[in-house]
Amino acid sequence: NVAPKEQPPRKLSGKRTVHINSGKRIILAEGANLSGTKDRGGNERVNMEVKKTSLFNLHQKNGAKFVEFAGYQMPIQYKEGIIEEHKYTRTHSGIFDVSHMGQLFITGDDDLTKELEKIFPTDLTNLSINKSKYSFLMNDNAGIHDDLIITKVDNGFMIILNAACKENDFKIIKKKLDKKFDLKIREDLSLVALQGPEAKHVLEKIIPQSNNLKFMHGNNFTFEDINIYITRSGYTGEDGFEISIDNSKVESFVEILLKNGSKLIGLGARDTLRLEAGLCLYGHDLNEKISPIEANLKWAISKNRINSNFPGSNIIKKQIDEGVEKIRVGIKPETKVIAREKTKIFDQNDKLIGNVTSGTFGPSVQGPIAMGYVTNNYSSSNTKVYLEVRGKKIPANVCDLPFYKKNYVKGETNVRS
């Protein structure tokens with residue numbers, strides 16, 4: 001199970017290393033630059049086209065280090081460092097600015113539902129108001145343009161898009177709907193994720209009745225005389241909420257969260273949290289050449305839609321019936337060596353069987369963790385594999401996901417999966 005997400009569009013487990021306060025290391029997005037860095041001539045690099053969210057000044061005030069991706073200047077970490085931010089989210093509550101993501105609203109009636117079912121492999125006809133579903137925008141080969149969250153709202157649907165994909169997603173969806181409906185990415189709205197076991201208590205003090213929301217459900221609430229929309233969702237493996245709020249009110253809203261014991265958390269910890277929970281990062285674990293079945297996400301395709309027509313539907317049905325050659329798995333190295341993205345995976349006979357797509361140090365599991373794709377007959381849990389890191393073969397084992405048990409709330413019951 002997954003929920004609306006904030007995901008860095010380029011890898012936080014790629015080529016560039018930043019040392020953080022705990023002594024551990026985090027790898028920044030490929031091509032990402034910490035703000036204030038200089039070029040080879042010693043001059044400050046300034047990109048006038050980089051966007052800032054409405055919380056940028058608050059991030060600065062709280063000592064954020066910034067990284068640039070998807071055209072936005074975003075906080076990668078704060079003063080305490082990524083490890084401490086990760087732990088605080090697991091034990092208390094963390095605030096994530098995910099305003100770089102696309103909040104797409106499509107207005108329409110029952111005809112819109114029918115048209116969207118031609119685009120997404122999700123049962124939208126039986127989706128109740130304020131209920132959310134994890135889904136995919138796919139190409140004709142069943143490759144994934146983007147993974148996203150669709151919520152049925154009054155007069156239409158709200159779709160949360162990944163930041164690096166949102167412009168292309170918009171073009172694809174608009175073209176497929178053929179100008180029949182009104183589509184708009186709301187740039188006037190911010191998106192904040194409040195995550196962790198204390199999130200419900202913190203939010204309830206500010207927004208009464210918010211704790212009544214079930215997992216993957218949302219509703220309208222009021223903050224300082226304006227309407228805000230809250231879903232019980234997130235991408236950390238913890239109970240939490242995502243709040244869509246007007247840009248003019250988001251800073252005062254987050255300030256109140258901070259006064260009630262939450263802390264700002266950067267996207268570095270977001271990466272380690274989601275990987276511990278076994279959740280995919282688009283552009284790494286998912287891309288236009290990987291299908292949902294190969295990604296081990298068959299559960300996200302509605303059973304009553306498998307025989308329907310949507311982009312890639314024939315391939316999806318064939319893969320379900322006949323199986324796939326490669327599949328996403330969890331991997332735990334036997335040593336402390338971290339296997340990063342593109343690390344090659346070998347079997348015990350030195351045969352190349354796959355590669356790592358995400359890898360990091362998991363603070364909650366106190367060791368290195370990774371996800372990747374392997375040939376299907378090596379996908380069973382406890383299968384011995386070897387990871388080629390800096391020319392050496394490191395022993396590891398295929399394992400069940402998640403690495404850290406997810407703790408979501410469905411109604412009054414905590415659900416660990």
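**Buried spots and a helix pair**

Student: Threonine 360: buried or exposed?

Tutor: Threonine 360 is buried, because its relative accessibility is 2% and the cut-off for buried is under 20%. Keep in mind that this is a predicted model.

Student: OK. Where does threonine 360 sit?

Tutor: Threonine 360 is in strand β19, which covers residues 352-362.

Student: What share of the residues count as buried?

Tutor: The figure is 57% of the 417 residues. As for contacts with a separation of 6 or more, 66% join residues 24 or more positions apart.

Student: New topic, histidine 145. Where is it?

Tutor: Look in strand β9, residues 144-153. Histidine 145 has a relative accessible area of 14%, so it counts as buried.

Student: Which side chain makes a polar contact with the side chain of histidine 145?

Tutor: That partner is glutamate 288, at 2.9 Å. Histidine 145 also touches other residues, including Leu137, Cys165, Asp169 and Tyr282.

Student: What about isoleucine 230, buried or exposed?

Tutor: Buried, because its relative accessibility is 0%. Isoleucine 230 belongs to strand β14, residues 226-231.

Student: Which residues does isoleucine 230 touch?

Tutor: Leaving out residues up to four places away in sequence, its contacts include Leu203, Ile207, Phe221, Phe241 and Gly218. For glycine 218, the C-alpha separation from isoleucine 230 is 5.3 Å, and the pair is 12 residues apart along the chain.

Student: Now helices. At what angle do α2 and α7 pack?

Tutor: The angle is about 55°, and the axes are 8 Å apart. Helix α2 spans residues 82-91, and α7 spans residues 267-276.

Student: Why are they called oblique?

Tutor: Angles under 35 degrees count as roughly parallel, and 65 to 115 as roughly perpendicular. The angle here is about 55°, so α2 and α7 are oblique to each other.

Student: Left-handed or right-handed crossing?

Tutor: Right-handed, as α2 passes α7.

Student: Which residues make the contact?

Tutor: From α2 you have Ile82, Glu85, His86, Thr89 and Arg90. From α7 you have Gly268, Ala269, Thr272, Leu273 and Glu276.

Student: How many of those are nonpolar, polar and charged?

Tutor: By class, the contact of α2 with α7 has 3 nonpolar, 4 polar and 3 charged residues.

Technical notes:
Residues numbered from 1 in each chain as written. Predicted model: local features only at pLDDT ≥ 70, side-chain atom pairs only at ≥ 80, totals over all residues. Heavy atoms only, no water. Helix = DSSP H or I, 4+ residues; strand = E, 2+ residues; numbered from the N terminus. Buried < 20%, exposed > 50% of the residue type's maximum accessible area, 1.4 Å probe, protein only. Polar contact = N/O pair within 3.5 Å; in protein donor to acceptor, adjacent residues only side chain to side chain. Contact = heavy atoms within 4.5 Å. Axes fitted to C-alpha atoms, helices over the stretch in contact; angles between N-to-C directions. Parallel < 35°, antiparallel > 145°, perpendicular 65-115°, else oblique. Left-handed = near helix turned anticlockwise from the far one by under 90°. Nonpolar A, V, L, I, M, F, W, Y, C, P; charged D, E, K, R; others polar.
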